[in-house]
Amino acid sequence: MINKVVFIVAGLLFSAVLEAKPSVEKQMEVLQEAEDYLTVKPSHSLRLLNTMSHRGVLPVALKIRWHIIRVRASVPTNQLNMLEGSLKALFEFETHPYFMNKLPTVLSALGIWLRRKGYLAEADMSLQCALKHAQGDAQRLTLINSRALVARHMEDHQKAIKLYQRAARLAKELQHSSMSATINNNMGAIALDRADYVRSDRYFRAALEGYQSVDKRSGYITAGVNLLFLFVLKGEALNYQRLYSPIKAMTDAFPNQSKKAFLHWINTAHAVQQGAKLSTEERQALLNYFAQLESTKVKILVAKHLAPIVQIDVPKISVEKVPPFEAKWFDKVRSCEWL
């Protein structure tokens, strides 16, 4: 009798486990929802992916899809460790048909990660390989834009401008409003590098309007923060005050600490321009935020333009030569020989 009871209880527990484990169809629904949120709210995509506690037992194709969505959501939210982890995981499936189908997307994300980590030559290598396997003009457009961004980080502005002009023509042909906004933002950044504030203002405004029209929050924040930075450099207090509140609200709600840090520096510089005096605590906070800035290039801009306004000596920025990227899984990208 006892054995029978134990058997019944064990059966009930097993049934409960089966019921607790979501079906493949249910998990596919979650993946689809996470993918749908990539453009409007990638942070929500990440939250949805994290709810999938049984992803380890998913079919391989769905595991690959999970990591690809995670990669795409990690880029705008600047989750570099998360991005690296999923990229490594994805290359374990490099011969799988679904991986092959998504190869340009994987290589595009890899190029972005390599650029943000300072591996510029390898970033361009990855993007060129992605272009070789690109599936359609829309994908080529994204990759050309990414290559231009790498060229800008290499200080090759002429190459970057030519690539952006090529991308702009393709974006216009495809009527791709989001990419047109991205190109405008990036062209504005080049104009800013060259201290061409008039042209930079025009590009950033066009980018802001374009991102707003397609409801791309991450892009709207980026262009808005860039425009606020420009207003500080030009001393345009009224324009600054009109734009600051909506950009601040959106930045606070967006999980990108580097954008928050950049905006804090910008707003503090604006406050000083308006006569504010900084306390010791506020000066220390600025130094803490400086360490959180996204890239060496942003740090250089802050050190050059904003640090003198607030009269703070920031840490010296050493642009060290980055050694070649040596990860074993990157060898296939170097050869770019996928069948």
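Mentor: Before we start, residues are numbered from 1 along each chain as its sequence is written, and side-chain values use heavy atoms, with hydrogens and water left out. The model is predicted, so local features need pLDDT of at least 70 and side-chain atom pairs count only at pLDDT 80 or more, while totals for chains, interfaces and linings use all residues.

Trainee: Okay! Why is α12 called roughly antiparallel to α13?

Mentor: Helix α12 covers residues 197–214 and helix α13 covers residues 217–234; helices here are DSSP runs of H or I with at least four residues, numbered from the N terminus. Their axes come within 9 Å and cross at roughly 150 degrees. Axes are lines fitted to C-alpha atoms, for helices over the stretch in contact, and angles run from 0 to 180 degrees between N-to-C directions. Angles under 35 degrees are roughly parallel, over 145 roughly antiparallel, 65 to 115 roughly perpendicular and the rest oblique. So α12 is roughly antiparallel to α13.

Trainee: And what makes the contact between them?

Mentor: Contact means heavy atoms within 4.5 Å. Among the residues involved are Y197, F204 and Y211 of α12, and Y220, L227 and F231 of α13.

Trainee: Switching to rings, why is the pair F325 and W329 called edge-to-face?

Mentor: Rings of Phe, Tyr and Trp (its six-membered ring) pair if their centres lie within 6.5 Å; planes under 30 degrees apart are stacked, over 60 edge-to-face and the rest tilted. The centres of the F325 and W329 rings are 5.7 Å apart and their planes are at 75 degrees, so edge-to-face it is.

Trainee: How do you know what to call F325 and F330?

Mentor: Their ring centres are 5.4 Å apart with planes at 85 degrees, so that pair is edge-to-face too. F325, W329 and F330 belong to one aromatic cluster, which also includes F91 and W113.

Trainee: Is W329 buried or exposed, and how do you know?

Mentor: Buried means under 20% relative accessible area, exposed over 50%, and partly exposed in between (1.4 Å probe, protein chains only). W329 has 18%, so W329 is buried. F325 has 7%, so F325 counts as buried.

Trainee: Then what do we call A285, and why?

Mentor: A285 sits in helix α16, residues 280–291. A285 has a relative accessible area of 23%, so the label is partly exposed.

How values were computed
Helices (H or I, at least four residues) and strands (E, at least two) are DSSP runs, numbered from the N terminus.
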